[in-house]
Amino acid sequence: MLKPLITTLVALVILGAWAGPAWAHGRSGEADVRFAQTIAGMEITVVVRASLQVPAPLQVDVVAHAPGRGGRIDLAIRPVEGGRSSSGMVRVEAGSPGMYPVVLSVDRVGPHELEVRAGGERSVLPFAVLVPQTPLWEVVVYAAFACAAVALVGALVSAALSRRLAAAGFAGGVVVATVVAFTAGLLSPWFAPMVPEGAPPASRDVMLGRPNAQPVIAVLPGEPGPGSEFRLRVELFDGSTGGPVDDLVEHHAALSHLVVTNQDGSYFHHVHPIRTAPGTYEVRLRAQEQGRHWVYAEFERADAGGQLVTGEFTVGGPKQAADGVPTVTGAASGGVPVTAPAQPEAGRPVTVTLDTGVASLQPWLGMAGHLVVRSQDGGFLGHVHEARSMVPGSQRVPDESVAAYAPKLEFTFSFPRPGRYLMWIQYAKNYEIVTVPHVVEVRGTP
Amino acid sequence: MTRRIAFIALPILLLAAGIIWILRGGDGPGPMELPGRGAHFAVVVALEPSTGPLEARVEIEPAVKAEVSLFGVMPHMGHTTPEIPARDDGTGRYVARGELFTMPGAWEIHIRVQGAAGTEVIKVNTLVGT
């Protein structure tokens, strides 16, 4: 009996080690895909719900955070490798932030494109339809328990019929099957999880990391005037090949995050440009005041970490008489941010707390809150996530409709150098984005 | 006879060990001592790395009067925890109580030591269990 037991255990370990990596670019087969987009004057997040099987209907939710003037949003999903595409639309109501669902369909796993069209703008977002696969150890556990149950019945029946040898054989089967089930279950944390069906092929020996991406940032027209609308274009090129960088993956619920600010911080936009061509991201904005503006683009290439690239542009026109003041946007209802210690020191952690006054905050971009920190001279930009709402990578990102976060938002951050820093805390309340600015003076080490 | 007993006892013992392990919740991180060295000081941090409030004992060498504080950094998630000041607990010994880790995973403990010789932040690595 010992020999088959040992053989089974060894086989289990080999089978477990055989499995491949679980996530494609950090996404499991059970995770939704999120694309924040700033399109047609709206700030939306398109959520493609996870599929448990294909072909099947595909739930897509458009979360309108800033609906602007509203309007029709057309959505289409098509497989990259050919096949049937599926389309639908939602009509976002002006002044009504919220969830707008639509059901599309999908008939195969693998690489797809999600096309979002609104107000004459079109964004094509690449993603993969994944279907989770049952891990082998789970199959072994269920099969072993089923065998144990059958053997147990056999043992009982044999005992009742006074078939001693058969009863002993079945009893042995119960023990072996139970040991196999428990062993497989206990060893499961050490088995590599299954690759979801549809995930892009990955070489086992590939090292993480890709070359740097370099931006070409352009404003159309070249120098917008105060109050005029302009198009900000970020083209990304590979630092090694010179080709367009078109391997961006979902990074905090968007392909790229763009922060645009002016010198005094009175102009602040955290937006999510649409993908107009491979490696090209664009967003329409309205200029406010004359002066120098900084652009920061944060994104992540496949199999690589996050990157931040920067650029700048100038808004023309007569110089302002006085500096502007950063202002609150959205329906803020709480207090002002509080830093602890009150006089932060460079290089030491500082906790910034904001009491929002409401206990029903929703996640935005996967977190209860975001803190964007910029040095006065624009040379540094930090992006901090709310401390209590961060979840380990293996856990699912909370849904935008879950209004479960407590009123206090807490951020911990170490300012790199002494000086003046501009900060913006952002969170979602009733689907709407609230931005609360703050200024902090950081002293050097005494 | 002895062989027969062994054949029966071994699987039962395996089964019992498995059940006990499950009931105990697997092997959690036990107390550990993490040494680190900077330009002016050497430190040894003794703690049980887990989420939630914990106690960390820091021993510095040379054993002098210093201002000692700790904070956690999780590089993979871009996460920093607030600084916990450590109180003096005898020559060269300091105790800090508070929350150093907010989630399981690989963390760095940054020990800030400010003494007459200078100020430095010494880094040690640890793995935090659930």
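Mentor: Chain A holds 3 helices and 24 strands, where helices (H or I, at least four residues) and strands (E, at least two) are DSSP runs, numbered from the N terminus. This is a predicted model, in which local features need pLDDT of at least 70 and side-chain atom pairs count only at pLDDT 80 or more, while totals for chains, interfaces and linings use all residues. Residues are numbered from 1 along each chain as its sequence is written, and chains are lettered from A and ligands numbered from 1 in the order in which they are written. The C-alpha trace of chain A spans about 105 × 60 × 45 Å along its principal axes.

The part I would pick is an open sheet of 4 strands in chain A, with the order β9-β10-β14-β13 and antiparallel pairing; two strands pair if DSSP finds at least two bridges between them. Its edge strands are β9 (213-220) and β13 (274-277) of chain A, each of which pairs on one side only. From one strand to the next the twist averages 30°, with axes being lines fitted to C-alpha atoms and angles running from 0 to 180 degrees between N-to-C directions. Looking at one pair in detail, β9(A) is joined by 8 bridges to strand β10 (residues 229-238) of chain A, and the two run antiparallel. Within this pairing, A:Val219 stands opposite A:Leu232 in β10(A).

Another open sheet of 4 strands in chain A, also with antiparallel pairing, has the order β5-β4-β7-β8, and its edge strands are β5 (86-92) and β8 (121-129) of chain A.
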